[in-house]
Amino acid sequence: MVQLGLVGLGRMGFNMRERLRAAGHEVVGYDRNEAVSDSSSLADMVSKLDAPRIVWVMVPAGGPTRETVAELGDLLAEGDLVIDGGNSRFTDDTHNAEVLSAKGIGYLDCGVSGGVWGKDNGYGLMVGGDKELVERAMPIFDALRPEGPREEGFSHAGSVGAGHYAKMIHNGIEYGLMQAYAEGFELLEAAKVVEDVPAVIKGWQRGTVVRSWLLDLLVRALDEDPELDDLEGYVEDSGEGRWTLEEAINHAVPAPVISAALFARFASRRKDSSAMRAVAALRNQFGGHAVKKVGE
């Protein structure tokens, strides 16, 4: 049994706490939402942990994570360990590790995939940091990862930053896969020859080369709403797709699929696109193509 402090009990953090407890570990959680928190403050959470302590952070990336790490640096002691399991940009990890290292506190970054299904199915984990610290935290990683061979749900990706870098690329790939399924769905809907689009997509779940968990989730969505009429085609991006493209540029690696998927998300948010108005105007100018005026 391992004792763990867990900061941030939102959708992911709450389910991670429950999975860890089900595996027999002791988890002391802290969240600003008193209804789910096990402690009244970060300091109170730390006081309930036995040294040497391990604290897992699951708060929003950027400022909130950096501030939490800095505060933990003042509360923890030499020999303790902090794991950032949020979606931090890998460049933040070096800063966080240095802040804690100056006080003798270890640091690992852990990219986590699995979403709301992770509580039951387990989480894919990608970790960066010193091997000795990874081994120390392995009982936690083993409890969180899916059942089966460790190497199929857990990876020690490299030094500090490698875990979040791997998760960033993972999410960039996810963008491309989701966009491909979405475009296929739209093409099937547009073709009059296909009379039952949900049946076709469901029929891809076994035996085809495009089967995947994402496809299973699309089938689930279509079971609930066969034409997806209850949804608006508005899609946010959490940041990793942008960071992935920046890295593709930095390393001169072509990434046309991921870039197209990201730009498609941008397009989904533009109810009145200046670019598309310009395209319509140009088509009208050179080819006399019909245009739709505002208000028509």
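1. Start with Thr68, which sits in helix 3 (residues 63-75). Bear in mind that this is a predicted model. Thr68 has a relative accessible area of 12%, so it counts as buried, the cut-off being under 20%. Leaving out residues up to four places away in sequence, Thr68 touches Val7, Leu42, Val57 and Val59.

2. Have a look at the peptide bond between Ala51 and Pro52: it is cis, with omega at about -5°. Pro52 is placed in the loop that runs between helix 2 (42-47) and strand 3 (54-57).

3. Two residues other than glycine have a positive phi, Leu228 near 55° and Ala252 near 55°. Leu228 is in the loop between helix 10 (213-224) and helix 11. Ala252 belongs to the loop between helix 11 and helix 12. With a relative accessible area of 67%, Ala252 is exposed, because the cut-off for that is over 50%.

4. Ala255 is also worth a glance; its place is the loop between helix 11 (240-250) and helix 12 (256-268). Setting aside neighbours within four places in sequence, Ala255 is in contact with Leu245 and Ala248. Leu245 is ten residues from Ala255 along the chain, and their C-alpha atoms are 7.2 Å apart.

5. Last, the charges. A patch of negative charge on the surface brings together Glu183, Glu186, Glu189, Glu227, Asp229 and Asp230. One of them, Glu189, lies in helix 8 (residues 162-190). Is Glu189 buried, exposed or partly exposed? Glu189 is partly exposed, at a relative accessible area of 40%.

Notes:
Residues are numbered from 1 along each chain as its sequence is written. This is a predicted model: local features need pLDDT of at least 70, side-chain atom pairs count only at pLDDT 80 or more; totals for chains, interfaces and linings use all residues. Side-chain values use heavy atoms; hydrogens and water are left out. Helices (H or I, at least four residues) and strands (E, at least two) are DSSP runs, numbered from the N terminus. Contact means heavy atoms within 4.5 Å. Patches are made of residues with over 30% relative accessible area and no salt bridge: like charges are joined within 9 Å, nonpolar side chains (Val, Leu, Ile, Met, Phe, Trp, Tyr) within 5 Å. Accessible areas come from the Shrake-Rupley method with a 1.4 Å probe; for residues, only the protein chains shown count as cover. A salt bridge is a side-chain nitrogen of Lys or Arg within 4 Å of a carboxyl oxygen of Asp or Glu. Lys and Arg count as positive and Asp and Glu as negative; His and the chain ends are not counted. The place of a charge is taken as NZ of Lys, CZ of Arg, CG of Asp or CD of Glu. Buried means under 20% relative accessible area, exposed over 50%, partly exposed in between (1.4 Å probe, protein chains only).
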